[in-house]
Amino acid sequence: MNHPIYNFSAGPAVLPHSVLEQVQADLVNWQGSGMSVMEMSHRGPEFMGIMAEAEQDLRDLLAIPVNYKVLFLQGGATLQFAMVPLNLLRGKTKASYVQTGVWSKKAISEARRFCTVEIAASNEDRHGSYVPAQSTWQVSPDTAYVHIAGNETIGGVEYDFVPELGDIPLVSDASSHILSKPMDVSRFGLIYAGAQKNVGPAGLTLVIVREDLLGHAPAHTPTMLDYAIQAKDDSMHNTPPTFAIYVAGLVFKWLKALGGLEKMAEINARKAQRLYDLIDSSGFYRNPVEVRNRSRMNVPFTLPDPALDEAFLKGAKAHGLLQLKGHRSVGGMRASIYNAMPEAGVAALADYMAAFARSHS
Ligand SMILES: *Cc1c(COP(=O)(O)O)cnc(C)c1O
């Protein structure tokens, strides 16, 4: 049987098909320039135009206020685990982190290389299945910033609120849900995201940072890790990841054409609801996350017996449903349904899951 292929990878992840076709059409000769984007000087007029448009489109999509810089960096979200404390401690010795899963824990252990980490709240008491309400957080007034992971890609736990911290800057690792819904950027001091989940190819990292937080890195900070220098040089202190920026720019245009982030959020809610409804009503599959914190991007689920996992994955593959195996740290399954996953892909997965449950109950 021939099926369309749907890719549920957690990252690098599915890209809009029309974007890939555009990349293919322009690959060896970008818009009649006689050059591939890969071959262009990053300081030439063609690429400078591509990058300026990408930044403007991102600013339009997220309504980024003028007092925020947009940086196109490298090193992934993981490098941000170090760059955030390096730049945002601003002479303080303490930073606060909310621990909600694997990624916030990694951010915490990296921050401990630079400062005292205060765990403002943790969800480990209930196996990482929820986001602690802000009323339970303990944040010292002398902390430099509060860091959250807005969506925990592995546990499938997503914030259903934006914390309110007064003058303390809020930092969010938004790697796996940026651009999945509108976001009030003005509520954050800094937002960062590795591109390979919801934005574009690996190799690009987006940073959106409020200007007053720039320029406080200690003197020994490596040049490339100083946001202020990256901002002053318009993310061109050295060669930026040009091809990844180009593809991300096409994804931004795709989102605008689709109707922007309000529309994207509507579609994403429908997609996620379809899977969670099926899981909850199946009496077969299980997702342990508290309903209000269930991720709209990453849907982990287990089968009643891990011995069925292999048959489930084999059957899924035969139906064109790829990369559903859960993260090695938690097992089970995970369907990542980022922006570029079409509703038809989610419907195909839901149909397969329902049929598998029927034949194995
Ligand atoms: C994937 C991911 C990371 C790690 O990203 P890299 O770009 O590989 O460093 C960090 N945080 C979250 C929330 C992620 O989903």
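A: What follows goes from the overall fold to the helix pairs and then to some individual residues.

The model is predicted, so local features are reported only at pLDDT of at least 70 and side-chain atom pairs only at pLDDT 80 or more, whereas totals for chains, interfaces and linings use all residues. Residues are numbered from 1 along each chain as its sequence is written, and side-chain values use heavy atoms, with hydrogens and water left out.

The protein contains nine helices and 13 strands, where helices (H or I, at least four residues) and strands (E, at least two) are DSSP runs numbered from the N terminus. Its radius of gyration is 21 Å, close to the 21 Å that the globule rule gives for 361 residues, so the protein is as compact as a globular protein of that length; the radius is taken over C-alpha atoms, and the rule is 2.2 Å times the number of residues to the power 0.38. The C-alpha trace spans about 65 × 55 × 30 Å along its principal axes. Of the 361 residues, 55% count as buried, a class that means under 20% relative accessible area, with exposed meaning over 50% and partly exposed lying in between (1.4 Å probe, protein chains only). Among contacts with a separation of 6 or more, 67% come from residues 24 or more positions apart, a contact being heavy atoms within 4.5 Å.

Turning to the helix pairs, the axes of α2 (residues 45-62) and α6 (residues 242-258) come within 9 Å and cross at roughly 40 degrees, the axes being lines fitted to C-alpha atoms over the stretch in contact, with angles from 0 to 180 degrees between N-to-C directions. That makes α2 oblique to α6, since angles under 35 degrees count as roughly parallel, over 145 as roughly antiparallel, 65 to 115 as roughly perpendicular and the rest as oblique. The crossing of α2 and α6 is left-handed, which means that the near helix is turned anticlockwise from the far one by less than a right angle, clockwise being right-handed. On the α2 side, the contact residues include Phe47, Ile50, Met51 and Leu61, and on the α6 side they include Ile245, Tyr246, Phe252 and Leu255. By class, this contact of α2 with α6 has 10 nonpolar, two polar and five charged residues, with Ala, Val, Leu, Ile, Met, Phe, Trp, Tyr, Cys and Pro counted as nonpolar, Asp, Glu, Lys and Arg as charged, and the others, Gly among them, as polar.

Helices α3 (residues 76-88) and α4 (residues 102-111) pack at about 50 degrees, with their axes 8 Å apart, and this makes α3 oblique to α4. The crossing of α3 and α4 is right-handed. Here Phe81, Ala82 and Pro85 of α3 meet Trp103, Lys106, Ala107, Glu110 and Ala111 of α4, a set that divides into six nonpolar, no polar and two charged residues.

The pair formed by α8 (residues 309-318) and α9 (residues 343-360) packs at an angle of about 135 degrees, with the axes 11 Å apart, and that makes α8 oblique to α9. Helix α8 passes α9 in a right-handed crossing. Ala311, Phe312, Gly315 and Ala316 in α8 meet Tyr352, Met353 and Phe356 in α9, and the residues of this contact comprise six nonpolar, one polar and no charged.

Some individual residues complete the picture. Met297, in the loop between α7 (260-282) and β11 (298-301), is buried, with a relative accessible area of 0%. Apart from residues up to four places away in sequence, Met297 touches several residues, including Asn151, Glu158, His177, Asn268 and Tyr338. Lys69 lies in strand β2 (residues 68-73) and counts as partly exposed at 30% relative accessibility; Lys69 and Ala231 are 162 residues apart in sequence but 6.7 Å apart in space, C-alpha to C-alpha.

As for the backbone, a cis peptide bond joins Gly11 and Pro12, with omega about -10 degrees, and Pro12 sits in the loop between β1 (6-7) and α1 (17-26). Arg90, in the loop between α3 and β3 (94-99), has phi near 45 degrees, a positive value in a residue other than glycine. His127 likewise has a positive phi, of about 50 degrees, although it is not a glycine, and at 78% relative accessibility His127 counts as exposed.
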